[in-house]
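Here is a short walk through a structure.

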2 protein chains.
Amino acid sequence: MRDVVVRGVGMIPFGRHAELSYTDLALPAVVDALQDAEIDRPQIEAVYCGSSFGGMLIGQRILRTAGLTGGPVVNVENACSSGATALREAWIAIAAGMYDTVLVIGVDKLTQFDGGPIPLDRTDWEAANGMVMPAVYAMRANRYLHEQGLGPEALAGVSVKARANGAHNPYAQMRTPVTADQVLASRPVADPLTLLQCCPTGDGAAALVLSAASAAPAHRRHVRVLASVLHSGRFTAGPRDMAVAELTEISATEAYEMAGIGPDELDVVELHDAFTIAELMYYEALQLCGPGEAVKLLESGHTSLGGAQPVNPSGGLLARGHPIGATGAAQAVEMVWQLRGQCGPRQVAGARVGLTHATGGGLSGLDHGACTIHVFAA
Amino acid sequence: MRDVVVRGVGMIPFGRHAELSYTDLALPAVVDALQDAEIDRPQIEAVYCGSSFGGMLIGQRILRTAGLTGGPVVNVENACSSGATALREAWIAIAAGMYDTVLVIGVDKLTQFDGGPIPLDRTDWEAANGMVMPAVYAMRANRYLHEQGLGPEALAGVSVKARANGAHNPYAQMRTPVTADQVLASRPVADPLTLLQCCPTGDGAAALVLSAASAAPAHRRHVRVLASVLHSGRFTAGPRDMAVAELTEISATEAYEMAGIGPDELDVVELHDAFTIAELMYYEALQLCGPGEAVKLLESGHTSLGGAQPVNPSGGLLARGHPIGATGAAQAVEMVWQLRGQCGPRQVAGARVGLTHATGGGLSGLDHGACTIHVFAA
């Protein structure tokens, strides 16, 4: 298996872009990634495109307009991990020696569903009976707060941090700071989660150019991929603790082993904060703190900008937004910018090692669809 | 890159199974593939699921019911090549040393669209303006027949052969033989293509278990994967000859080089005969004959059962059917059965080397979406 580096990245500002097509969304990100990589289209040997709702041949349709045709294109779907799964497939293909240079795209357009629900399979009986994502995370929140003897106000700090960071991120959908009072007073979505504790829906795209380390020009320092892990959840019929994110725990343990680092060596993390409670649960599952210590970790400032291990300096899903298939790729783009020191007012000072975590897809009433973790190093 | 073998295969009879869910369709194929491989679920380290219309997390939903959860699952979409692309991704991952044993699923259910059209992207302007697949292949047929100075009756023999073979295949959707007169007298779909020259729509699923050759038990002979190739089409704005299948030509040339064989060394071929003209064009693109020689090759019996190089002994897409994402996997399953000598009355005697070819996805008015070619050997 060969070492893999990120040579170039691109992203569009996330938001509600109902007037743009999938191609319109993805094209600027692709062009920016190629320019950032200092390569032209013929050097791209293969493309992996992650999208949940782009439809048949979404990658090929984008690439035709980009004038980037003729090579292998693989479209990948893994719910909230679609973009990160595309990244992982590209990493496998390069590590295998199959290709030297591969383009990764993550893109989705959720405004296409305005006026109607996101299409669900008829056999997805949990969702059909109300176990949609806000409900799942609300149940997890209630369980977690009960176990810790905390009130719902303990959650608000996650959104406050996310929006404070997002205010510094020109790519974020939500760029205004909010107070804890505003978070708690916003309209209820699924008790105890209020509107400002749920990621917004929107549209976005991000792209990366990966190369074999041996094929990347030596005159530039490239961000290295130290680990790439994917798992889907185990389905067990017995009782489970909804407040434990088992799938993320398993994936993180494998990622740390593959990268040869421990969680204390991370300088920055981009994790899947689709809801406030998610960030707290994933602190524990990623071993940034022990069980039950997440709220204390948050309130200590440890995970804030300026803290020892900033989490979601981009604003995360709560502020950057969460166009399903785009998120995993966007997290990786943000991480590359962080490890290059290009993030301006949201820069994590001296960041050398970072982790990205995309997970989701409701099955069995939990986030059992797919969990993807990547570790990057400057 | 490590050698890869097929350890086990499974398939359901293709047909119109409106009452079955995606999981219902795929599960028997998965169970049969595991049993055929003589392994149980914990030995499967990863799963690639190819489907065009299964929706979000289709693989995970199938696998949950199969009790096969916890490992990495990647859903792959590449139009008519979806199942074959899943096969190729699995092959890459094993060849890379990432996994020893991987499950591949190809599945789609086209009866879900009965009463309405298959959903197309609004930006797919060729299709929106009438360049749907039967129209594209009708234009190609007209061009080809014009160039060769032939009448439309030259096409009928492809369907006669397909249905004759399908009559021997318990997995085929169409199991009754037809005559050339019946083919030509069936109702017109897109001139010169009549109904019996177009593959039926339907539902189906197929599954394969792949392993590293080094990880497969030595007490059995396994079918080897000699080549796995994927390309998407080049988009060129200038004039092109619609009767030349450039994408298949390029892919085949690469596949023969990877496999270290020439087209004359093939004992059996399963190619993408979505329409009669397609089979003729692909004879030439796969170099089974020279340019303009396809009708002569067909009429000589060379590609019939009992001929020197039988093509589509399964009945192909015209008789087995073409549930989009299932086809590429089904071709591979048929090929494994052929190379093991398990095909009964449709067996190609002494078959040792075979090629499968799945291509499609209309873009730019041609089959520019994705072309996948695999070469297998007993």
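**Where the chains meet**

Strand β3(A) and strand β3 (residues 73-77) of chain B run antiparallel, joined by three bridges. Strands are DSSP runs of E, at least two residues long, and helices are runs of H or I, at least four, numbered from the N terminus. Two strands pair if DSSP finds at least two bridges between them. Val76(A) faces Val76(B) in β3(B).

This is a predicted model: local features need pLDDT of at least 70, side-chain atom pairs count only at pLDDT 80 or more, and totals for chains, interfaces and linings use all residues. Residues are numbered from 1 along each chain as its sequence is written, chains are lettered from A and ligands numbered from 1 in the order written, and side-chain values use heavy atoms, without hydrogens and water.

The contact (heavy atoms within 4.5 Å) takes 50 residues from chain A and 50 residues from chain B. On the chain A side, 21 residues are nonpolar, 19 polar and 10 charged. Here Ala, Val, Leu, Ile, Met, Phe, Trp, Tyr, Cys and Pro count as nonpolar, Asp, Glu, Lys and Arg as charged, and the others, Gly among them, as polar.

**A strand inside chain B**

Now turn to strand β10 (residues 353-360) of chain B. Eight of its eight residues are buried, so β10(B) is largely enclosed by the rest of the structure. Buried means under 20% relative accessible area (1.4 Å probe, protein chains only). Strand β9 (residues 268-270) of chain B pairs with β10(B) in the parallel sense over three bridges. Eight bridges join β10(B) to strand β11 (residues 370-377) of chain B, and these two run antiparallel. There, Thr359(B) stands opposite Cys371(B).

Methods: Buried < 20%, exposed > 50% of the residue type's maximum accessible area, 1.4 Å probe, protein only.
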